[in-house]
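Dear colleague,

I am passing on the structure below, together with some notes on what turned up when I went through it. Please read them with the sequence and the model open beside you.

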Amino acid sequence: MNASFLQTPIEYLKGVGPNRADLLRKEAGIFTYQDLLHFFPNRYIDRTRYYKINELQQNNAEMQIIGKITHIKTVEQNKRKRLVATFTDETGTMELVWFRGLKWIKESLKINVPYVIFGKVNWFNGCFSMPHPEMELMEEHEQSLRSAMQPVYPSTEKLSNSGITNRIINKLMQQLFLDSKNKFSETLSKNILEELKLLPKNESLFNVHFPKSQVLLSKAQYRLKFEEFFYIQLQLIRKNLIHKSKIKGYRFEKVGPLFNTFYNAHLPFDLTEAQKRVIKEIRNDLGSNAQMNRLLQGDVGSGKTIVALMSMIIALDNGFQACLMAPTEILSVQHYNSLVEMCNNLEISISLLTGSTKTSERKIIHENLENGTLDILIGTHALIENKVKFKNLGLAIIDEQHRFGVEQRAKLWHKNEFPPHILVMTATPIPRTLAMSVYGDLDISVIDELPPGRKQIKTVHRYDSNRLKVFKFIRDEIAKGRQIYIVYPLIQESEKMDYKDLMDGYESIEREFPKPKYQVSIVHGQMKAADKDYEMQRFVKGETQIMVATTVIEVGVNVPNASVMIIESAERFGLSQLHQLRGRVGRGADQSYCILMTSFKLSSDAKTRLETMVRTNDGFEISEVDLKLRGPGDMMGTQQSGVLQLKIADIMKDGDILKIARSYAWQLLKQDPSLTNPENIAVKNTYAQLTRYKNIWNYIS
Ligand code: ADP
Ligand code: MG
C-alpha cells in the first residue's frame, strides 16, 4: 500500500465522522490512517474460550458467554435508573446491567437472538451479573475478523464516554484493513528479514491487531519493535556519519612536546587501562578531518579530569586553545586549581572565568584570549557569553553536560570559523540502551574502571532516632584526622523550609561540635560566590573538619581527605543525586562511609532507592534501577527527547532488541551509506518517508 494511502486523514475512514475524527485527533493523536495503524494495543485478552453460565465463578474475571436476552426492564432505585436484561443459555440465567445510555441501549438490544457477550462478571444479590457488557450479535461475531487474542487499546475517559470504545477502535481497525486489503508494503530489506527470521510487515501488522495465536502475536511484536528501533538508530547513525563527512574539524596531527613532556615527566599517577583507551579514542578523533562529538561517561571518581587535561594539551601542541566549562562556580574553581597544579612545570597559561571574576581581570582574560597568549580557559556559563572571543578555539570540553541546555552547548560552536572539537563528560551514567537512543548520534567513550586502591564506600541507612550514634561516629572519624560532609536537600518548591532545615542543622552541628576544637564550614546557594569560595577553601585546606552544605557540592568537588558523607532527608533525593553525593568521598586511601539519614516514613520507591545505595557502588547498576523507577522520560536531560516517544517498543524491556537493531543499522550504513543498493530499496523508501513526515532530528541536539 503506498504512502499516500496511509497519509489519508482519518475522517475519510468509513465509520469516522467529523466528531469522532476530532476526538481521535485530540485524545489519541490519530490524524491519519497510518496513525491508526500504529495505534497499538497495550494488552490482549484471551477470548479463545466461551463459558457457560453454570461455569461462572465468583472471581470477577472477564468472561465470554454465548446466550440470548429474554427480557428487558428498567429499574428505578433512589431516583437512579438502570436497565436490566435477563440473559440465558442452556445452563442458566444471569443479568446484564447498564447505568448509562439506557435509552439508546434499550432500543438497540434484540430479544431472543444469539449474542456473544464479554465483560467482568459480578456476584450481586444472589445472581451473576455483568455491567456494561461488550455485546456482539453471534452472526457478526462469526463474520468479523476474529482472533484468539482480543486487543485492548489505550483509552481515555473522554474516548470511552463518547462511545469510542475498544470495540469501536477494533471495528475501525477492521475497516482500515479491509480498505487496504492488508497490502502494506514491506519496510525492511530481504536480508534483514531472512537473517533475523522476522515476520513480514503485512503479517506483523495484522497479527498485532488481530492476533491468530500467542506465537504469531509475539513474532509480530518482535518485528515491529525491531523496526521501530532500527529506523531511529538509522537516523541517529546517519546523522553522526553525515556530521563527520560534512563538518570539517581542525586536524590535530601531532602529539607534540607538551604532551610528551607531560606524559613522560609530570603524570601524577599511572593511567588506568580505561583512561588510556579513552585518550586513544579521543586522539583518533582529533587526528581525523572530522569534528569530534564525543561523550565521555565515567562514574564519579573514575578520573575524567586527567583525560580532559591530556586532550586539551593535544590541542595546545597543535597551536590551538582549549576551554573547559563546568556547571558551577565551585567546580570551575576546583578544576582550575587541579589543572594549574598538574601543569605546574609546563609552559601553559590557564585562566579562570566565572560570574564573579572582576571586571579588570575579565578584561585581561578577554585580551589574552583574543591575542592567543592564553591557552586554556576554565569557567562556568561565563565562557559562552558573546564577549568571550578566542583566537583559535580547538577543543571545548563540557563537564557534567546534563546540567547545560542544548542551546548553551550550541553556542560553543560559533566561537570560530569551524566548530571546535567537543567532548562532553558526564558522571551520571545512563544505561547503555538509553545512551544508544539519547546520545545515539554521539560517539561514546566509557571509563569503566576506577583507579587502583580505591576502597568500596561503606553505605548504611540510619533513622533520625540514631543521630547520637552518628555524631559519635563523626567524632571518631575526626579524631582520626578525617573530614565530614553533611548535606541537606534543597528543593526549589520548598526552598524556605529547606533553608530553615539547613540552618537548624548547622546550628545543632555547631553545638555538638563546638569551637575551638572543631571548625564547621557551611556552603549554600544563597551565599556570595566569594564567601562560598572562602568556606570551600577552608575545607579543602583542612582548616575545617565538617562541611555543612546543600547539593551545591554534588558535582565534582574533590577533597580526598573527606571520608564521611552524611545525607540528611536522604529519602528526598533521587538515586543519581545520592550516587553523585556519595562520590564526594572515597577519593583518598582511607575507608570511606556514606550515611543515609531518614525518618521512619518511607515510600516504597524511597525504600528501593535506599536499598540500592546500600547494596551497590556501581553507577551503571544504579542508573538501571533509576530507569526502572522513573521511566526514561524523567531521566536527567532526556525529557524532551523524541527518540523516547516509542509506539510499540519499550526502552526498558526491549533493550536486547535495541542492541540488535543498532548493530544492523550500523552494518547497513557501513555497506551502503547512501542506500543505493537495490536490495535496500525498501529501507531507503521508508527512511525517506520517515524523514519527510516525522523528522526525529528536530528533537535531538
Ligand atoms: P571524576 O571522573 O569524578 O571527575 P577525577 O578526575 O576528579 O574524577 O578523579 C578522582 C580522583 O582520582 C582524583 O583525586 C584524581 O587525582 C585521582 N585519579 C584519577 N586517575 C587516577 C589514576 N589513574 N590513578 C590514581 N589516581 C587517579
Ligand atoms: Mg569530575
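**Around the ligand**

A polar side-chain atom of Gln275 is placed 2.8 Å from a nitrogen atom of ligand 1, and please bear in mind throughout that this is a predicted model. On its own, ligand 1 has 560 Å² of accessible area, and the protein covers 81% of that. There are 16 residues around ligand 1, of which Gln275, Gly301, Lys304, Thr305 and Arg454 come nearest.

**The protein as a whole**

The protein has 701 residues, and buried residues make up 52% of them. It holds 25 helices and 22 strands, and its C-alpha trace spans about 95 × 70 × 45 Å along the principal axes. Among the contacts with a separation of 6 or more, 74% are accounted for by residues 24 or more positions apart. The protein exposes about 33200 Å², and carbon and sulfur atoms supply 50% of this area.

**Helix α20**

Which residues of α20 are buried? They are Lys532, Glu535, Met536, Arg538 and Phe539, and because they cover an arc of only 155° around the axis, they sit on the same side of α20. As background, an α-helix has 3.6 residues a turn, so residues three or four places apart point the same way. The face of α20 turned away from the buried side carries the exposed residues Ala530 and Tyr534.

What covers the buried residues of α20 includes the helix α14 (329-342) and the strands β18 (483-487), β19 (520-523), β20 (546-549) and β21 (562-567). Met536, which lies in α20, counts as buried because its relative accessible area is 3%, where the cut-off for buried is under 20%. The C-alpha atoms of Met536 and Ile330 are separated by 7.9 Å, although these two residues are 206 residues apart along the chain. After α20 comes Gly542, whose phi is positive, near 85°.

Note on methods. Residues numbered from 1 in each chain as written. Chains lettered and ligands numbered in written order. Predicted model: local features only at pLDDT ≥ 70, side-chain atom pairs only at ≥ 80, totals over all residues. Heavy atoms only, no water. Buried < 20%, exposed > 50% of the residue type's maximum accessible area, 1.4 Å probe, protein only. Helix = DSSP H or I, 4+ residues; strand = E, 2+ residues; numbered from the N terminus. Arc of directions from axis to C-beta. Contact = heavy atoms within 4.5 Å. Near = heavy atom within 4 Å. Polar contact = N/O pair within 3.5 Å; in protein donor to acceptor, adjacent residues only side chain to side chain. Areas by Shrake-Rupley, 256 points an atom, 1.4 Å probe, with all protein chains shown as cover.
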